[in-house]
Amino acid sequence: MFRMLGPSDARIAAADRIAKAVLWVLTVLAVVATAGVLLLAAGGARASTLVPMKPQDAAGGTLLLKSNANGETFAVPLLATDVEIRVSGMVARAAVRQRFRNPHADWYEGTYVFPLPENAAVDRLRMRIGDRLVEGEIRERQAAKAAYERAKQSGQRATLLEQERPNIFTSSVANIGPGEEIEVELEYQQRLRYEQARYSLRFPMVVGPRYIPGTPDAALLGTGWAPGTDQVPDAARITPPVLRPRADVVLNPVTLRVTLDAGVPLAAVESAYHPVRVRETGPSRREVVLEGEAYATRDFELAWTVTPDRAPRVAFFTERRGERHYGLLMVMPPAGERVSARLPREVIFVIDTSGSMHGASILQAKEALELAVLGLGPRDRFNVIEFNSVASMLFTDARAAAPETTAIAVRWIRALKAQGGTEMAAAVKLALNARESPDRVRQVIFLTDGAVGNEDPLFRLIAERLGDSRLFTVGIGSAPNSHFMTKAAQTGRGTFTYIGRPDEVKQKMGELFAKLESPVLKDVRIEWPGGAQVESWPKRLPDLYLGEPVVVTAALARAEGEIVVSGTLGDVPWRAAVPVTAAAEGSGMGVLWARDKIAALMDSLRENAPEPEIRAAVVDLALTHHLVTKYTSLVAVDRAPARPDGAALKEAALPTNLPDGWTYDAVFGELPRGATDARFNLLLGALLLLAATLAFGMRRRFAS
Amino acid sequence: MRRAILPDPDVALGVECALPVAQGLFSDRDRRSQWVHRVATVLAAALLAGGLWQFGQGVYIHAKAGLAQALMGRAWARALDGERQVKPWPWADTWPVARLLVPGRKVDLFVLAGADGRAIAFGPGHVFGTPLPGEAGNSVIGGHRDTHLAFLRELEPGVEIVVERPDGARRRYRVETTEVVDKRDVWVLENEGPTRLTLVTCYPFDALRAGGPLRYVVTALALDGSS
């Protein structure tokens, strides 16, 4: 090809260069656009739920699960749990045995996420292989994890017990051989709830699926069904796979035995949610066992009352460990008179209408709410907030509880439906506004199952915005999040109630109203005997509602003198004295004290205490008292290698049941998908073909 | 216009090779050009392959949607003859459970058992657990907004829909409402209330990609006196 030389040629050359540049830019753009679209495509395809295969596929007691995401099936080890709880007075000691059985031909690692009471002090772990026992050691969490991983890689049997939340734990068992069973036994100590001469013991059995707010982060994937988000970075650790309920498959059978020694003659013993067999072994003793088959699908609750005139009003237990005496003190203040001329109230009801509440829970919550609204006095003002993916208020501002207003509220409540997400922060913001006004009492009543993963940010929010309001939680359903219920109530300076059955609504709400209307014991203080060098927890004692006792744990240098408890009930000062020498011998008081101190330290994190210091203090305490915490784990490693070098190890996250009364589809379910990527494919195809054309053009240009 | 044919009087006549010859036989520019040439070739081939693949995918989805419905006709005829759960092709894991017609709109579709992704590639799918189309209660049918159920956007209240059951009986419905809901609004699936047909597809209709959170729901109430 020949061309003229000259000034116009310079123009041509310039045009040529521009054309080339444009080609380059277009090609790069096309490639970038294509890459972007492809990335988008990759990001869109996640989410998997578990669908068990048909029973005939899962013959021989094995359970095969099918992952929706890729259609592959996989097997998991099976789990059975045996629980033994010994109650003496106000304290329970429980042994939980988890039997991991591997019916398959491969070697397995099983991971199980399970709940324990929110105040459980877990201090022992043992691994049983056949008739051999391996005792667990307490280590810093990372060190324990590393020891476990090393054992897992080298084929040794090992168990790791970690805490995800005060009431959620994970047990991992590595190298379960084909056809083998490994038993994990953990023990914990717990203080029981004692209110109005009634004790209650709760043993949670299943972690309900939690709503995970925030933006998912693909780097935070794990074995859970939810990836971590900016708000809940450890979401993958608290969202174990959930089995879609079906008639012929229930997982995780449970046996449970309670040996009860109340210390004083018992009046009534009842199990609220499970059929039990009660055997009387003495006036103050009972043996309680679950009757029939039970599975880990709902919380167990045992409650007992003692003969009214023998109900303890003061109790002090001590235990000597080395130089120190550890003590648990309980003092029951008298019930105050109901005041007739009280301040007008402003009551804000908040009801959770998220998908997890669908089914039995929302019915109980609505009934409780309706009862509460109709129970308001004419001088009271009120408002109702519902929340799921969004929060909305019935009235723009609180209104007087006149009959026509409550009628509107009741109609509104009856029409509520449970569906969608659980954006609880939005509801807290609507309910609490940090305002203070001395001419009224403001009470926020929060009805929820607490099925969220972002507890800490919510507690922070409650503390920030509380003002002079008081927050009362009502835990609804078969598996409420006890950590949320207790800590939100503590932060909100109120109290908590559980409703787990429709026929409990009336009684439980009645008790709550009595608390709301009775004078509160304020300015509670404890004076320890001089020179005793006492460290007691909690440091700041909460206000106490009707029927609630003062409870503290303390470490004392010397066990002598007199403890004085005082406070103001309504306007009346109250005072009680307890001689230290009257203390009864108790066991495990040191562990309870350490657990209380750890809880207080963890709470201080929300008040912006420096994390490294708190962490060091918690680790120190936990290592001394052998306790599992957020920063420490128990690990047990069997020295003998088990898995041969050539054999592969499969990993499996053990699925949990859906809590009783929940609706799978309301939590995970959705309407059928109704779109293809055809349009996207066609566009992407066209883009790529265009880019190809451009690339060909460029090739030819440079070929000439 | 080629300018090189006539000499320009203002400049000296000169000849230039298209590849500007500089100092050496192969200049830096040459090497770069060769490199660019090679890269462009590979890139062009890769892009062509990718483009054809993606384009093919798009065409395949529509072809599958169309062809499957055609094959379903025979299976339906056998179903009408009393055979149960007739698979339209031997390896199918679904079968037609009803026929959906909109008189005067060229809509004649076979509804398949199950509304999971695999079934609705071949036709609108009946959601398991809801009453079969034509029976009492709330029968829910899901389908793709860009293939079988694309016609939903044109349905207005008052339009009649006819459902043929495997026993040949027909039931008429009239569109009552059309609404946009979130995919988690599972109340759409509830069975309480009058006998109706609930057609669910993705929304918006013109979205490029699948997997959005919104659904377009058409509710059609059964008319009495259906035969």
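Strand E20 (residues 314-321) of chain A runs parallel to E34(A), and two bridges hold the pairing; strands count as paired here if DSSP finds at least two bridges between them. Within E34(A), A:Ala584 is the bridge partner of A:Phe317. Both strands belong to an open five-stranded sheet of mixed pairing, ordered E30-E31-E21-E20-E34 (chain A). Strand E30 (535-537) and strand E34 (584-585) of chain A sit at the edges with a single partner strand each, so one side of each has no neighbour in the sheet. Strands (E, at least two residues) and helices (H or I, at least four) are DSSP runs, numbered from the N terminus.

All of this comes from a predicted model, in which local features need pLDDT of at least 70 and side-chain atom pairs count only at pLDDT 80 or more, while totals for chains, interfaces and linings use all residues. Residues are numbered from 1 along each chain as its sequence is written, with chains lettered from A and ligands numbered from 1 in the order in which they are written.

Taken as a whole, chain A has 13 helices and 36 strands. Among the chain A contacts with a separation of 6 or more, 73% link residues 24 or more positions apart.

Strand E23 (residues 381-387) of chain A is mostly covered, with six of its seven residues buried. Seven bridges pair it in the parallel sense with strand E22 (residues 345-352) of chain A, and A:Phe349 faces A:Val384 across that pairing. Between E22(A) and E23(A) the chain passes through helix H4 (residues 360-374) of chain A, in a right-handed β-α-β crossover (viewed with the strands pointing away, the path from the first strand over the helix to the second runs clockwise). E23(A) also pairs antiparallel with strand E24 (residues 391-393) of chain A over three bridges, and a hairpin of three residues joins the two.

As for helix packing, helix H6 (residues 424-431) and helix H7 (residues 455-465) of chain A meet at about 10°, with axes 10 Å apart. H6(A) and H7(A) are therefore roughly parallel, the label for angles under 35 degrees. The contact includes A:Val428 of H6(A) and A:Leu461 of H7(A). Helix H8 (residues 482-491) of chain A is mostly covered too, with eight of its 10 residues buried. Its cover includes H7 and strand E26 (441-448) of chain A. After H8(A) comes A:Arg493, with a positive phi near 55°.

Key:
Buried ≥ 20, exposed ≤ 12 C-beta atoms within 10 Å, placed from the backbone. Contact = placed C-beta atoms within 7 Å. Axes fitted to C-alpha atoms, helices over the stretch in contact; angles between N-to-C directions. Parallel < 35°, antiparallel > 145°, perpendicular 65-115°, else oblique.
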